Amino acid sequence: MVQWQLIVKGRVQGVGFRYFTQMKAVQYRINGWVRNREDGSVEILASGKEEELNQFIADIKKGNPFSKVDHVDIQEAAGVECCHSFKIKY
C-alpha cells in the first residue's frame, strides 16, 4: 500500500470535483479523503495499491467535464493516518 497527498489547483471548487474524486476513488478501491482548501485548491489523501493509485491520479489530472485542472502537487504521505473508505470532508 502506498499513500499520497495531492493538492489540485485550477477550477476545482464548485464544479463537482470532490464528488468526482470520491467516485474515482471507489472505482479504483482507493481509501482516504478529499476536501476544499481556503486558497481555492482541493486536497486529497489517497491510499491504495500503487497501480490503482496511478490510474486514480491520471483521472484526477484530467478532472471532470466541469473542472479545469491546472496543476497537481503530489508528495508521499508516509505516517499519516488514513481511512478504511473514501470520504468527502467538509
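Is Phe17 buried or exposed, and at what relative accessibility? Phe17 counts as buried, at 1% relative accessibility. The points below concern a predicted model.

1. Overall fold. The protein chain contains two helices and five strands. In sequence order these elements follow the pattern β-α-β-β-α-β-β. The radius of gyration is 12 Å, close to the 12 Å given by the globule rule for 90 residues, so the chain is as compact as a globular protein of that length. Along the principal axes, the C-alpha trace spans about 30 × 25 × 20 Å.

2. Burial and surface. Of the 90 residues in the protein chain, 44% are buried. The accessible surface comes to about 5400 Å². Carbon and sulfur atoms account for 48% of that surface.

3. Contact range. Take the contacts between residues at least 6 apart in sequence: 77% of them join residues at least 24 apart.

4. Charge. There are 13 positive and 11 negative side chains in the protein chain. The centres of the two sets lie 5 Å apart.

5. Phe17. This residue is in helix H1. Its relative accessibility of 1% is under the 20% cut-off, which means that Phe17 is classed as buried. Leaving aside neighbours within four places in sequence, Phe17 is in contact with Val8, Val12, Val42, Ile60, Gly63, Asn64, Ser67 and Val69. Phe17 and Val34 are 17 residues apart in sequence, and their C-alpha atoms are 9.4 Å apart in space.

6. Ser67. The loop between helix H2 (50–62) and E4 holds Ser67. With 9% relative accessibility, Ser67 counts as buried. Beyond its neighbours within four places in sequence, Ser67 is in contact with Arg11, Val15 and Phe17.

7. Arg29. This residue lies in the loop between helix H1 (17–27) and strand E2 (31–36). Phi of Arg29 is near 60°, which is a positive value in a residue other than glycine. Which class of accessibility does Arg29 fall into? Arg29 counts as exposed, at 59% relative accessibility.

8. Gln5. Strand E1 (residues 2–11) includes Gln5. The side chains of Gln5 and Glu43 are joined by a polar contact of 2.6 Å. Apart from neighbours within four places in sequence, Gln5 is in contact with Glu43, Ile44, Leu45, Asp73, Ile74, Gln75 and Ala77.

9. His71. Strand E4 (residues 68–76) includes His71. His71 is partly exposed, with a relative accessible area of 41%. A polar contact of 2.6 Å joins the His71 side chain to that of Asp73. Leaving aside neighbours within four places in sequence, His71 is in contact with Ile7, Val8 and Lys9.

10. Points to check by eye. Two side-chain pairs can be inspected: Gln5 with Glu43, at 2.6 Å, and His71 with Asp73, at 2.6 Å. For backbone geometry, the item is the positive phi of Arg29. For packing, the items are the contacts of Phe17, including Val8, Ile60 and Val69.

Notes. Residues numbered from 1 in each chain as written. Predicted model: local features only at pLDDT ≥ 70, side-chain atom pairs only at ≥ 80, totals over all residues. Heavy atoms only, no water. Helix = DSSP H or I, 4+ residues; strand = E, 2+ residues; numbered from the N terminus. Rg over C-alpha atoms; globule rule 2.2 N^0.38 Å. Buried < 20%, exposed > 50% of the residue type's maximum accessible area, 1.4 Å probe, protein only. Contact = heavy atoms within 4.5 Å. Areas by Shrake-Rupley, 256 points an atom, 1.4 Å probe, with all protein chains shown as cover. Lys, Arg positive; Asp, Glu negative; His and termini not counted. Charge placed at Lys NZ, Arg CZ, Asp CG, Glu CD. Polar contact = N/O pair within 3.5 Å; in protein donor to acceptor, adjacent residues only side chain to side chain.
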